[in-house]
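I opened this notebook page to keep track of what I looked up in the structure, going through pockets, sulfur links and rings in turn.

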Amino acid sequence: MKLLITAAILAIAAGTNLPAQTSDLTNLKAVAIMHGRCRSLVVAGKDASRACSSLVTNSMYRTGRGGFVFTAGDLAVVTFSGFDTGAQGDIAEIKLDHVIFSLIGTGTPRNTVPATGTCTYTNPYAGPSHITCTALTKSGRFAATFLSNGQEPEFKRF
C-alpha cells in the first residue's frame, strides 16, 4: 500500500501546476485510491479509453479543493480539479475549474487549462463507486468514467 500511496502522490505532483495557494502539496489533506474499471477517458477530444488505468486517485486539499487523477498507461496523466461541494446523501460533486494534463516521457511541460464542468461520484464506502467527470476547455473536451470494484479505497491522511 505504501508504494501505491507514493505513486499516487507523485501522480498528483505531476498534475499539479496551479498557483501555490490552490494546490500546494503542503495543503494535501488526504488521498484515496480506488481500484476498478475505467470505462472511458477522453483527453483533449481524443479517446484514450483503451490505455486508461484500472485505478483512480482522489486528492483532497485543506483549501477545499479536490480532484480525480486518471492515467492513460504510460501516455498521460489527467487531473480534474476544482472545489468539492460536499455530499448530498451518497452523491458528491466537484465543480471543476481546471484540467491538468501531462504527456509522460515527452519532455513537454504540464498543461493547466481553465475548465468548466463537474465530477460526480458516489460514496466509495457504500459499494461500487461511480465517478463521472466532464470538462470543457480551450484544449478540447476532457471526460472520464470509472466504476470501482466495491472495495474500500486505500486512504492516507497527511
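Before looking at pockets I wrote down the rule: on a 1 Å grid over the protein atoms alone, a pocket is an open set of points where a 1.4 Å probe fits, with protein on both sides within 12 Å along at least five of seven lines, whereas a cavity is a set from which the probe cannot get out, and lining residues have an atom within 4 Å of a point. Grid points are joined across faces, edges and corners, and a volume is the space filled by probe spheres set on the points.

I also noted that this is a predicted model, in which local features need pLDDT of at least 70 and side-chain atom pairs count only at pLDDT 80 or more, while totals for chains, interfaces and linings use all residues. Residues are numbered from 1 along each chain as its sequence is written, and side-chain values use heavy atoms, with hydrogens and water left out.

**Entry 1: pockets**

I looked up the largest pocket and found about 250 Å³ of space in it. Its lining has 17 residues, and N58, Y121, N123, P124 and Y125 are the ones that lie nearest its centre. For secondary structure I used DSSP runs numbered from the N terminus, with helices (H or I) of at least four residues and strands (E) of at least two. On that basis β1, β3, β6 (91-103) and β7 each supply at least two residues of this lining.

I sorted the lining by residue type, counting Ala, Val, Leu, Ile, Met, Phe, Trp, Tyr, Cys and Pro as nonpolar, Asp, Glu, Lys and Arg as charged, and the others, Gly among them, as polar. The largest pocket then has twelve nonpolar, four polar and one charged residue in its lining.

The second largest pocket holds about 150 Å³ of space, and its lining residues include K29, N58, D84, F155 and R157. The elements that give two or more residues to this lining are β3, β4 (65-72) and β10 (154-157), and β3 gives the most, with four residues. By type, the lining of the second largest pocket divides into three nonpolar, four polar and four charged residues.

**Entry 2: disulfides**

How many disulfides does a search of the whole structure find? I counted a disulfide as a pair of cysteine sulfur atoms within 2.5 Å, and the search finds two. Counted along the chain, the bonded cysteines follow the pattern 1-2, 3-4.

In one of them, C38 and C52 have their sulfur atoms 2.0 Å apart, and with 85° about the S-S bond this link is right-handed. C38 is in strand β1 (residues 28-43), while C52 is in the loop between β2 (46-47) and β3 (55-61), 14 residues apart. For burial I took under 20% relative accessible area as buried, over 50% as exposed and in between as partly exposed (1.4 Å probe, protein chains only). C38 is buried at 11%, and C52 is buried at 13%.

C119 and C133 form a disulfide with sulfur atoms 2.1 Å apart, and the torsion about its S-S bond is about 115°, so the link is right-handed. C119 lies in strand β7 (residues 111-122) and C133 in strand β8 (residues 130-137), so the pair ties together parts that are 14 residues apart in sequence. C119 is buried with a relative accessible area of 0%, and C133 is buried with 1%.

**Entry 3: rings and a charge**

I treated rings of Phe, Tyr and Trp (its six-membered ring) as paired if their centres lie within 6.5 Å, with planes under 30 degrees apart as stacked, over 60 as edge-to-face and the rest as tilted. The search of the whole structure finds three aromatic pairs. One of them, F68 with Y121, is edge-to-face, at 5.1 Å centre to centre and 70° between the planes. F68 lies in strand β4 and Y121 in strand β7, so this pair ties together parts that are 53 residues apart in sequence. F68 is buried at 0% relative accessibility, and Y121 is buried at 13%.

F70 and F80 also form an edge-to-face pair, at 5.8 Å centre to centre and 90° between the planes.

Finally, I checked for a charge over a ring (NZ of Lys or CZ of Arg within 6 Å of the ring centre and within 35 degrees of the ring normal). R65 lies over the face of F83, at 4.8 Å from the ring centre.
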